[in-house]
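Have the structure open as you read.

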Amino acid sequence: MGDTHTVRLEPVGMDFEVDEDETILAGAFRQGLMLMHGCKEGQCAACKSFLLDGEVELDRYSTFALNDFEREEGWTLLCRAHALSDLEVELINYDEEILRSGIALQTVAAEVEAIEALTHDIYRLVLAVAPEQALSFHPGQYVDIEIPGSDEHRSFSMANLPCDDGRLEFMIKCYPGGRFSGLLADGGIAVGQQLTVRGPYGVFTLREKSQRPLVFIGGGAGMAPILSLLRSLAQRGTSRPVVYYYGARTCADLFHLEELAELGSVLPKLRFVPALSEESDPSWTGETGLVTDVVSRLEPDLAAADAYLCGPPPMVDAAIALLESSGLPASNIYYDKFTTTADTEESSRT
Ligand SMILES: Cc1cc2nc3c(=O)[nH]c(=O)nc-3n(C[C@H](O)[C@H](O)[C@H](O)COP(=O)(O)OP(=O)(O)OC[C@H]3O[C@@H](n4cnc5c(N)ncnc54)[C@H](O)[C@@H]3O)c2cc1C
Ligand code: FES
């Protein structure tokens, strides 16, 4: 244990204690405070905040998340920052509803129940946790799964609903040579194997108080938390209009079309719009082009919506820029960027 310091959060006026050995984000989680975050590894910028007073030391982070100029100005990443003195931190991106909604972190053992290909490069993984240990989570959240035989982990979002008999369902894109995802494709993770899971994390959850129309934009395995949110909306029978734009390359990258159609029969105001960027088959009669271009073409007025974006970082960044330019306030845009090790390897500072 290192020295302990007090962190004061403004403008919410909350105080909590952190140890020098833990990041400010980890200290907040330990005390049940759900500060804004995404990757927890200095890659996505979701936790970027302004240091009003005090001194911090940063673990390795990507300069895409915090560039040198911002750091000199006083910006910091709460998932990488260790307090060296008492601190006063201004939260730029915060939501009081979410701040107090934290579920205590749990580490559980889970058994691999199923692994199946959804497309040529996206796998469905189902883990079973013993009912007495079942991990609570809000739809839209994610967990960290340990890479077998190492002390590293990877983050994956649940696609199912909580209380599914202790099951956790994931959609995982396989990268050749990927330390975790590669194991699904080559049999390195098999049915019956035990994996260690820690969570829940994430703030990609439904803001319940809002009645604004919902716009979901996702790509690839980014369908996972969006499907969890759609399943939850269907379970509760929302009356809010919902549109889901899903970006993929070709028809071969589409999956779960039947379930999405079924959700449409429970949620009459749900529209599902797949957009294919590289489909050349003339029998495809749906939308073509980058998903953000399709949204821009079909949705002239998004200023009054709540938008939820999830998938690869470039797609999420393009969608944020589009939505902000069409007048949607940043405070009504929620996102999870599926950052990978490739994002820190490209550009990092220690
Ligand atoms: C909050 C959060 C939620 C996430 N949820 C999901 C999810 O639900 N489903 C999902 O599939 N993923 C998700 N991810 C990404 C996931 O955590 C891993 O980063 C991803 O699966 C790659 O891990 P790996 O161990 O297989 O590859 P690594 O071993 O980390 O990488 C292996 C090799 O592949 C290369 N590589 C890695 N990523 C890319 C890339 N994007 N493009 C090109 N090359 C690459 C690397 O350079 C490296 O050489 C999420 C990430 C975050 C931060
Ligand atoms: S949560 Fe801190 S940079 Fe992603």
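## The nonpolar core

The largest nonpolar core holds 91 residues, and Ile172, Ala307 and Tyr308 have the most contacts inside it. Such a core is a set of buried Ala, Val, Leu, Ile, Met, Phe, Trp, Tyr and Cys residues joined through C-beta atoms within 7 Å; buried means that 20 or more other C-beta atoms lie within 10 Å of a residue's own, with C-beta atoms placed from the backbone. Helix H5 (residues 223-236) supplies the largest share of this core, seven residues. Helices here are DSSP runs (H or I, at least four residues) and strands are E runs of at least two, numbered from the N terminus.

This is a predicted model, where local features need pLDDT of at least 70, side-chain atom pairs count only at pLDDT 80 or more, and totals for chains, interfaces and linings use all residues. Residues are numbered from 1 along each chain as its sequence is written, while chains are lettered from A and ligands numbered from 1 in the order in which they are written.

## Around ligand 1

Ligand 1 is surrounded by 28 residues (C-beta atom, placed from the backbone, within 6 Å). The closest are Gly178, Arg179, Ser181, Thr340 and Thr341. Strands S12 (153-157) and S13 (167-173) and helices H4 (181-185) and H9 (341-346) each give two or more residues to this shell.

Why does ligand 1 lie between domain 2 and domain 3? Domain 2 (106-201) and domain 3 (214-341), with bounds from an automatic or database domain assignment, both give residues to its shell.

## Helix H8

In helix H8 (residues 313-325), the buried residues are Pro313, Met315, Val316, Ala318, Ala319, Leu322 and Leu323. After H8 comes Gly327, with a positive phi near 95°.

Note on methods:
A residue is buried if 20 or more other C-beta atoms lie within 10 Å of its own, exposed if 12 or fewer, and partly exposed in between; C-beta atoms are placed from the backbone.
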